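Please read it with the sequence and the structure at hand.

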Amino acid sequence: MLLNVTAIPAFDDNYIWCLTQSGSPQAWVVDPGQAKPVIAYLEQEQLTLSGILITHHHWDHTSGINDLSARYPDIEVYGPANPEINGLTQELKDGQMVNLKGLDIQARVLTVPGHTLDHIAYVCDDRLFCGDTLFSGGCGRMFEGEPAQFHHSLSRLAALPANTRVYCAHEYTLSNLKFALMADPDNTELKAYQQECEALRAKGIPTLPSSIGKELAVNPFLRVDQKQVCQQINQHWQQNPADNVEAFALLRRWKDNA
């Protein structure tokens, strides 16, 4: 059965992704930082929550777990092994395949540390739910990981098939693309993508999902092996990166201070 994915807006710029299939009243949600908008959507669509997928421990991805578990007491709550996440029913490991109860689909787990050390992502057929590791046009801040670790995580995601749709957890695309054009100013596909995303946001439409193929073409954090990106890094820092990891580290620091 076809997997349907719907964005449930939360806070100022979060998306809680809701997974359903035609003909089934069951639903799963990814990173519910708030319970109220999830409950409102489920009731509106006459759906029952079967489970929750958590990518990492930050509060804006987990704070709705307890209220949703109280409202739907039989749900499964999957996530990384971290005692800071309350309410997990199963801790997940890299490469694990998990059945999404009530849906005819499995999720494959990828460990992708960098934004946080516990961060994981989920691949459901051609859909990637990557939390705050990969954004459209950017990546998450490096709160807990090291550059080599984060670069490796992004490389794992970049190696997925180009048609993989990318569902990240925040509507950061326009601000990311503004920086991306500083790091890759002659990228014509990036310029065209910025115009597309500006038009979507002007209509109140999410810029997501993106795709792995699109991100490989426009996202400087997946393009640190490209000469034109390294030239801009060198120009900004007056330092020529020794390798892709150093290029990533310098690019991330540049973005942090931009």
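1. The axes of H5 and H9 come within 11 Å and cross at roughly 125°; axes are lines fitted to C-alpha atoms, for helices over the stretch in contact, with angles from 0 to 180 degrees between N-to-C directions. The two helices are therefore oblique to each other (under 35 degrees is roughly parallel, over 145 roughly antiparallel, 65 to 115 roughly perpendicular, and the rest oblique). Helices here are DSSP runs (H or I) of at least four residues, and strands (E) of at least two, numbered from the N terminus.

2. This is a predicted model, in which local features need pLDDT of at least 70 and side-chain atom pairs count only at pLDDT 80 or more, while totals for chains, interfaces and linings use all residues. Residues are numbered from 1 along each chain as its sequence is written, and side-chain values use heavy atoms, without hydrogens and water.

3. Which residues of H5 are buried? In H5 (residues 173-183) they are Thr 173, Asn 176, Leu 177, Phe 179, Ala 180, Leu 181 and Ala 183; buried means under 20% relative accessible area, exposed over 50%, and partly exposed in between, with a 1.4 Å probe and protein chains only. The elements that cover these residues include strand E11 (134-135), helix H6 (188-202) and helix H9 (244-257), where contact means heavy atoms within 4.5 Å.

4. The count of disulfides is 0, a disulfide being a pair of cysteine sulfur atoms within 2.5 Å. The sulfur of Cys 18 is too far for a bond, because the closest cysteine sulfur, in Cys 124, is 12 Å away. Cys 18 counts as buried, at 0% relative accessibility.
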